[in-house]
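Subject: Structure handover and notes

Hello,

Here is the structure we talked about. My notes on it follow below.

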Amino acid sequence: MPKVERFPMPIPFGWFGVGYASELAPGDVRPVHYFGRDLVLFRNEDGVAGLLDAYCPHLGAHLGHGGVVEGDSIRCPFHAWAFRPDGFCSSIPYARAFPPRAKREPLTQAYPVVEKAGVIWAWYHPDNAAPSFDVLDYPEFTDPAMAEPVKREWRFASNPQEIAENGVDVAHFAYVHSMDAVPEGETHFDGVRRHSAAYGHRTIELPSGERQQFAYSVETVQNGAGQKFTRLKGVVELSLLVIATPIEADDVELRFCFTYPKVEPGSPQDKAVQQAIANTCGQTGVEGDIPIWAHKIHRVRPYLCDGDGPILRFRSYFEQFYADGPEGTRLVEAAA
């Protein structure tokens, strides 16, 4: 029997979260691996974050292991060549004449970086094309009137398309996320953005032991392959950034970042918020999805029914984030 290929799609391009702004201080240097590439993430003494290919273009030392920040640059541990966040070489301490090429162009691959909503977003394109759309900002995640963000993180065998497809798969909300029935849903697409909503009811056990039914909704704005904002409304209201960043084509890092209006610590409102976050992350939330994502395959030609939601429309929308568009488009057309 031939081996089944789990995912026929490559790594998509777009803006992807590679860290939280508050967790990268000036002078910090961090080796990271995303997009199937070894990279180095750092923040220079001017406070500017940079993401570069990890290996020095001189003789190949890894800048993330022993590299140090000096001024506006990261300095290689091998021969002390220094590179700014834009990839230009700023210093070769022993060179008598600065190489002409180093004066006119970057020597190493630099990834565009934007910091919004408390996240460091990096632009990835397999052909190193420039960004073709902007990062959306959600100021509540850095608003002093809002609670300090609550962060959770997972890593498993999947990809951003499979994760995002859940947002239009309304049927699974009843069977994975314990909504009382398959919710009503709506989705529309606007260029690189997707707007989806699902509305239904969920029966929840209160701290008193009483079970009560509440209206529940999930509203999502997706911006490209790697940035999603979700508003969850039920017993409480939560703002959630869903950050799915590919490590390899079949290996993904998923971050959840929650915030909400400040409440008194230990109060009934605080307990309700913490329980809602636990439910969103637990077995009735994303940890119910993860074992499915980690072991499923991508059905190019799925059998669908009228209650499944606009899955094929979503796949057509997502095709724009693959550089090998014609091959991917044939996959979607074949499925239709």
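How many of the five residues of strand β4 are buried? Four are, so β4 (residues 49–53) is largely enclosed by the rest of the structure. Please keep in mind that this is a predicted model.

Strand β4 pairs with β3 (residues 37–43) in the antiparallel sense, over five bridges. Within this pairing, Phe42 stands opposite Gly50 of β4. The two strands form a hairpin with five residues between them, and Gly47 takes a positive phi near 90° there.

Next, the open sheet. It is made of four strands in the order β5-β6-β7-β8, with antiparallel pairing. β5 (68–70) and β8 (89–91) are at the edges with a single partner strand each, so one side of each has no neighbour in the sheet. Strand β7 (residues 82–83) is joined to β8 by two bridges and runs antiparallel to it. Ala82 has Ser91 in β8 as its bridge partner.

Helix α4 (residues 268–281) has 14 residues and spans 20 Å from its first C-alpha to its last, close to the 20 Å expected at 1.5 Å a residue. Its buried residues are Asp270, Val273, Ala276, Ile277, Thr280 and Cys281. These cover an arc of only 130° around the axis, which puts them on the same side of α4. An α-helix has 3.6 residues a turn, so residues three or four places apart point the same way. Pro268 and Lys271 are exposed on the other side of α4. The buried residues of α4 pack against strands β11 (150–156), β15 (227–233), β16 (237–248) and β17 (251–259), and against helix α5 (286–295).

Last, the charged pairs. The count of salt bridges comes to 13. One of them joins the side chains of Lys151 and Glu23, at 3.1 Å from N to O. This pair links distant parts of the chain, 128 residues apart: Lys151 is in strand β11, and Glu23 is in the loop between β1 (14–20) and β2 (29–34). Lys151 is partly exposed at 27% relative accessible area, and Glu23 is partly exposed at 42%.

Another salt bridge is between Arg101 and Glu105, at 2.8 Å from N to O. Both residues belong to a network of salt bridges that also includes Arg104. Arg101 is partly exposed at 47% relative accessibility, as is Glu105 at 26%.

Arg231 and Glu237 also meet in a salt bridge, at 3.4 Å from N to O. Their relative accessible areas are 24% for Arg231 and 38% for Glu237.

Regards

Technical notes. Residues are numbered from 1 along each chain as its sequence is written. This is a predicted model: local features need pLDDT of at least 70, side-chain atom pairs count only at pLDDT 80 or more; totals for chains, interfaces and linings use all residues. Side-chain values use heavy atoms; hydrogens and water are left out. Buried means under 20% relative accessible area, exposed over 50%, partly exposed in between (1.4 Å probe, protein chains only). Two strands pair if DSSP finds at least two bridges between them. The expected span of a helix is 1.5 Å times one less than its number of residues. The arc is that of the directions from the helix axis to the C-beta atoms. Contact means heavy atoms within 4.5 Å. A salt bridge is a side-chain nitrogen of Lys or Arg within 4 Å of a carboxyl oxygen of Asp or Glu.
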